[in-house]
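User: Hi! I'm new to protein structures and would like to learn how to read their features. Could we go through one together?

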Amino acid sequence: MSDNGTVTVVLGSQWGDEGKGKLVDILAADADVCARCAGGNNAGHTIIVPMGPEKVKTTFAFHLLPSGLVNPKCVGLIGSGVVIHVPSFFAELDALEAQGLDCTNRLFVSDRAHLVFDFHQIVDGLKEVELGGSSIGTTKRGIGPAYSAKASRSGLRVHHLFDHETFAQKFRKIVEGRFKRYGHFEYDTEGEIVRYKALAERLRPYVIDSVVYVHKALAEGKKVLVEGANALMLDLDFGTYPFVTSSSTAIGGVCTGLGIPPKKIGKTIGVIKAYTTRVGGGPFPTEQLNDVGVHLQEVGREYGTTTGRRRRCGWLDLVVMKHSCLINGYDTLNLTKLDILDDLDEVKVAVKYLVDEKELPGFPADLELLAKVEVVYVTLPGWKTSISSVTSFDALPDNCKKYIGFIEEFLDVPIEWIGVGPGRESMLKKEGKLLK
């Protein structure tokens, strides 16, 4: 059987919260498999879709499960590169099914995925306290400690759950190690071992060899959609380290997190918000601690799906985006939340960073150097009219088209999709690239 399936990848191109879920939801309508490759339940995707015969708009919040599950013919796959907190897996699944989403026989978990336990979440908080003033702003979901355990070869994987005696021995040893490191925090080790015996049996029907599964799907000519979590600037290697997540959120994480070779990836789409936001600590050169920042936060409803935290807001940073494009090699972009800029008289875009009046060649690794940059902006006129009801690219105001064109020309990547509102129907498809 020839290997003629396709892999399409959707990745966050800034600091996350770009609105990846909506594009994944749209593309999943034509996909056979929607897969997660990295991160854990620290991700957060909100999708609004009409449900039932009366087409009632329903808001689904995804954290760990692939958001392509909203489409009833799409199979969800949690790959080997994801870290899984099993109680959260079932809590999320139960909540989705209570909202009318039937996931029976179409959700699978890699047997190689690492496990997040409650003690990882406790340790996550303790590590933040230890960092003090330089706190990273973790979601305290235990993601970092779980990946740390994976890297130090002391983690437990999904397949370990099914040999209970060996699992119990390893689990006790790991918890004792955490007690030695952080002091004896309150934790019921034996109670957890009992709980996970029951959870293992409930999880068993979902567990597969995901490498075999995804390559069989490709060999059968199926369409695989990969849903990125977090975003490039939170990547462990290429983001604003140490204010990053603990996994590879870049294109490399797709290969390592799912066991897909690079040559199998057909198309990579970067999701870019029309302005910039980030959550938690860390540098943010275009942050606006003024009326513009407040406007973006309030009009853009910039509150985290996972944490409820207010997001920091600022102008679109094309220096960040250049860095992102170099690493991920986007074929096209999805520009989201463009309607949030509707009421602004003018819109600014960061185009270069200067230090001592010299332009930096790229996005710097050194955060102390980054703290010194002078951001150079280009100011573009606003369009001062609502675009939320626009149904075609041609119907957008001229100044809005100029903003889109400026981004395309600067990055030399075509914008294929444009989000003008929160719903599934509020996404415009644009063919071709704008001319100057």
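**Reading a fold step by step**

Analyst: Happy to! Let's begin with helix 8 (residues 251-258), which is mostly covered, since six of its eight residues are buried. The model is predicted, so local features need pLDDT of at least 70 and side-chain atom pairs count only at pLDDT 80 or more, whereas totals for chains, interfaces and linings use all residues. Residues are numbered from 1 along each chain as its sequence is written, and side-chain values use heavy atoms, leaving out hydrogens and water.

User: What do "helix" and "buried" mean here? And which residues of helix 8 are buried?

Analyst: Helices (H or I, at least four residues) and strands (E, at least two) are DSSP runs, numbered from the N terminus. Buried means under 20% relative accessible area, exposed means over 50%, and partly exposed lies in between (1.4 Å probe, protein chains only). In helix 8, the buried residues are I251, G253, V254, C255, G257 and L258. Helix 4 (residues 143-151) can be read in the same way: I143, G144, P145, A146, Y147 and A149 are its buried residues.

User: What is the phi of the residue just after helix 8?

Analyst: Here is the general idea: most residues other than glycine have a negative phi, and most peptide bonds are trans. Just after helix 8, G259 takes a positive phi of about 75°. Helix 4 is followed by R153, whose phi is also positive, near 65°. K337, which is not a glycine, has a positive phi of about 55° and lies in the loop between strand 15 (332-336) and strand 16 (346-355). D17, also not a glycine, has a positive phi near 60° and is found in the loop between strand 1 and helix 1 (20-28).

User: Which peptide bond is cis?

Analyst: Look at the bond joining Y241 and P242: it is cis, with omega about 5°. P242 is found in the loop between strand 10 and helix 8.

User: How do I read a sheet, and what is the strand order here?

Analyst: Start from pairing: two strands pair if DSSP finds at least two bridges between them. Here an open sheet of ten strands has the order 9-7-5-2-10-1-11-15-19-20, with mixed pairing. Its edge strands are strand 9 (207-208) and strand 20 (427-429), each pairing on one side only. Now find strand 1 (residues 6-12), where five of the seven residues are buried. Strand 1 pairs with strand 10 (residues 223-227) in the parallel sense over five bridges, and T6 has K223 as its bridge partner there. With strand 11 (residues 265-273), strand 1 also pairs in the parallel sense, over six bridges; G12 stands opposite V271.

User: How is the chain divided into domains?

Analyst: Domain bounds come from an automatic or database domain assignment. They give domain 1 (6-111 + 206-268), domain 2 (114-203) and domain 3 (272-429). The centres of domain 2 and domain 3, taken over C-alpha atoms, are separated by 37 Å.

User: What is a nonpolar core, and which residues in the largest one touch the most other members?

Analyst: A nonpolar core is a set of buried Ala, Val, Leu, Ile, Met, Phe, Trp, Tyr and Cys residues joined through side-chain atoms within 4.5 Å. The largest has 76 residues, of which L338, L341, L396 and Y403 touch the most other members. This core draws at least three residues from each of domain 1 and domain 3. Apart from it lies another core, of 44 residues, among them I84, F90, A113 and L203.
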